[in-house]
Amino acid sequence: MKHDGSAMKVGTDGVLLGAWAELPSSGTLLDVGCGCGLIALMTAQRLCASSCAFHIVGVDVDEGSIKDAVGNFAASPWRDSLQAVQADFLSYAATLPADSVDAVLSNPPYFSEDLLSPHARRNLSRHAESLPFGELLRQVQRLLKPGATLAMVLPPRAYAQIEALLPETAPCLRLQRLTRVYFKEGKTCGRLLAQWRKLSDGQADFQPVPCEESLILQDPQGNYTPAYCSLVRDFYIWSL
């Protein structure tokens with residue numbers, strides 16, 4: 001999915017998650033709140049390079065976003081393995097059987113405590129009222145197979161909310177990886193890349209030690225760091 005920024009609505013959060021998330025060797029994946037389909041396309045590119053058999057479903061409640069995703073999926077080399085569904089995720093999830101999904105990726109709405117924008121589509125994409133974290137976690141735990149993963153990109157405050165909700169809403173999910181993202185060297189952490197794994201019932205008391213790392217995107221002069229370029233080199237022409 002080489003991209004120069006002219007054809008798709010590309011955001012740093014989505015690119016980070018699409019490049020960073022650990023993926024299964026095959027199976028069914030969900031991109032929750034898929035927008036234009038960026039994360040689903042990046043995932044398809046990575047899985048195709050590994051010769052995996054996969055099916056990726058992008059789900060979004062916004063009609064315009066799904067139209068974008070449908071067009072982007074159709075124009076991609078992985079069109080037969082990609083599907084875009086316009087639906088509220090909670091309603092869509094209720095139609096799927098338990099233990100049927102191999103991975104969930106999400107760049108979710110998270111500005112639950114900020115003022116609403118006057119633009120309805122922006123509200124849908126950025127406000128947690130459209131997809132409450134507790135309900136998201138509850139459904140994701142039900143859908144994931146044992147050993148399957150949930151990967152998200154979140155601001156620190158939203159990540160803290162997720163962690164506080166997990167014991168009650170998704171007690172079988174355990175943090176596996178955590179990367180603190182700094183947009184520029186010397187600045188505070190702007191995002192967290194987090195991945196949780198679903199334990200089987202017999203592992204309910206297991207507390208793994210997550211892998212924790214940091215990623216700086218730009219040096220003090222505003223140049224992209226080697227670590228960031230290495231992460232996204234398969235997706236941006238400028239990173240080569």
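In the predicted model, the face of helix α7 that is turned away from its buried side carries the exposed residues A164, P167 and E168, where exposed denotes over 50% relative accessible area, buried under 20% and partly exposed the range in between, with a 1.4 Å probe and protein chains only. The buried residues of α7 are A158, Y159, I162, L166 and T169; seen down the helix axis, these buried residues fall within an arc of 100°, so they line one face of α7, the arc being that of the directions from the helix axis to the C-beta atoms. An α-helix has 3.6 residues a turn, so residues three or four places apart point the same way. The cover over the buried residues of α7 includes α6 (133–143), β5, β6 (173–182) and β7, with contact taken as heavy atoms within 4.5 Å. At 1.5 Å a residue, the 14 residues of α7 should span 20 Å, and the end C-alpha atoms of α7 are 20 Å apart, which agrees; the expected span is 1.5 Å times one less than the number of residues.

Residues are numbered from 1 along each chain as its sequence is written. Because the model is predicted, local features need pLDDT of at least 70 and side-chain atom pairs count only at pLDDT 80 or more, whereas totals for chains, interfaces and linings use all residues, and side-chain values use heavy atoms, with hydrogens and water left out.

The chain has eight helices and eight strands, which are DSSP runs numbered from the N terminus (helices H or I, at least four residues; strands E, at least two). Buried residues make up 50% of the 240 residues in the chain, and among contacts with a separation of 6 or more, residues 24 or more positions apart account for 74%.

A similar analysis was applied to helix α3. Its 12 residues should span 16 Å at 1.5 Å a residue, and the end C-alpha atoms of α3 are 17 Å apart, which agrees. In α3, S65, I66, A69, N72 and F73 are buried; they cover an arc of only 125° around the axis, which puts them on the same side of α3.

The largest nonpolar core comprises 37 residues, of which L17, L29, I56 and L82 touch the most other members; a nonpolar core is a set of buried Ala, Val, Leu, Ile, Met, Phe, Trp, Tyr and Cys residues joined through side-chain atoms within 4.5 Å. Two or more residues are given to this core by each of α1 (12–20), α2 (38–49), β2 (54–60), α3 (63–74), β4 (101–106), β5 (144–154) and α8 (226–232), and the largest share, seven residues, comes from α2. Leaving aside residues up to four places away in sequence, L17 touches I39, L105, S106, N107, A151, M152, V153 and L193. Another core, of 35 residues, lies apart from the largest one and has L131, L136, L154 and C189 among its members.

The structure holds two aromatic pairs, a pair being rings of Phe, Tyr and Trp (its six-membered ring) with centres within 6.5 Å, and with planes under 30 degrees apart counted as stacked, over 60 as edge-to-face and the rest as tilted. The rings of Y159 and W196 have centres 6.2 Å apart and planes at 25°, so this pair is stacked. Since Y159 lies in helix α7 (residues 156–169) and W196 in strand β7 (residues 191–198), the pair ties together parts that are 37 residues apart in sequence. Both Y159 and W196 are buried. The rings of Y224 and Y228, by contrast, have centres 5.4 Å apart and planes at 50°, so that pair is tilted; Y224 counts as partly exposed at 41% relative accessibility, whereas Y228, at 2%, counts as buried.

The charged end of R177 sits over the ring of W20, 3.9 Å from the ring centre, the criterion being NZ of Lys or CZ of Arg within 6 Å of the ring centre and within 35 degrees of the ring normal. R177 and V209 are 32 residues apart in sequence and 8.9 Å apart in space, C-alpha to C-alpha. V209 is placed in the loop between β7 and β8 (211–216) and, at 79% relative accessibility, counts as exposed.
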